[in-house]
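Thanks for coming. I will go through one structure today, strand by strand and then core by core. Please look at the screen first.

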Amino acid sequence: YFFIFIVVFPNFSTMAYEEADYSVVYKSEIYEIRNYKDRLVVEVVSKNDDNSFRKLFNYISGQNNKSEEIKMTVPVTQGKKNNAYYMQFYLPSKYTKENAPLPSNPDIKISTIKEGYFAVIQYSGRASDNNFLKHRDILNQRLLDDNIDISGPAIRATYNGPFTLPLLRRNEVMFKVLWNK
């Protein structure tokens, strides 16, 4: 019974993950505009994203040139670019391109997401495709209504593990936007 208690009620203090740093520059009743600084990520780009999470998880679990375990961060982001799917894990802020462990798996690349503005709508529930598409469409329409130019495809951002109750989950849809207000 002790094991079940640990699985069902994990130590919540160990679940405080570093989050990508941003500042909110505008907030409506539906969405907010965030300014993110440059962010270092490890990513897998593939025609199907079946093993992307496992590959990235193995990298932070020590399958890298330093055999170094890397703390999990949030969010995990997913999207499409160049007719392929990508999944990204943000690296903790202590890492730079110069000191980040190099991936052992050639499918994993270290990249920098350049500073920019992102419109974000937050929602709870499952991180299903239907839930994502519903909120993507809501955000897209609101940005059109507010004359905010979208400059990139929708990004799915998830913050919680698969065993978090849907009501307690934090999910987001993000669009890179042109912002000069």
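Which residue in β7 does Q78 stand opposite? Q78 stands opposite M87. Before I go on, some housekeeping. This is a predicted model, where local features need pLDDT of at least 70 and side-chain atom pairs count only at pLDDT 80 or more, while totals for chains, interfaces and linings use all residues. Residues are numbered from 1 along each chain as its sequence is written, and side-chain values use heavy atoms, with hydrogens and water left out.

Back to the strands. Helices (H or I, at least four residues) and strands (E, at least two) are DSSP runs, numbered from the N terminus. Two strands pair if DSSP finds at least two bridges between them. β6, residues 76-81, pairs with β7 in the antiparallel sense over six bridges. The two form a hairpin with two residues between them, and N82 in that turn has a positive phi of about 50 degrees. β6 also pairs with β10, again antiparallel, over three bridges. There, V76 has T158 as its bridge partner.

Contact here means heavy atoms within 4.5 Å. Not counting residues up to four places away in sequence, S52 touches V44, S46 and M87. S52 is buried, with a relative accessible area of 2%. The cut-offs are under 20% for buried, over 50% for exposed, and partly exposed in between, with a 1.4 Å probe and protein chains only.

Now the cores. A nonpolar core is a set of buried Ala, Val, Leu, Ile, Met, Phe, Trp, Tyr and Cys residues joined through side-chain atoms within 4.5 Å. The largest one has 15 residues, and V42, L56, Y59, F89 and L91 have the most contacts inside it. β4 (39-46), α2 (52-60), β7 (84-90) and β8 (108-113) each supply at least two of its residues. A second, separate core has 14 residues, including I121, Y123, F132 and L143. As background, nonpolar side chains tend to be buried together in soluble globular proteins.

Last, Y117, in strand β9, residues 116-123. Y117 and Y36 are 81 residues apart in sequence, but their C-alpha atoms are 6.4 Å apart in space. Leaving out residues up to four places away in sequence, Y117 touches several residues, among them V25, I33, F175 and W179.

That is all from me.
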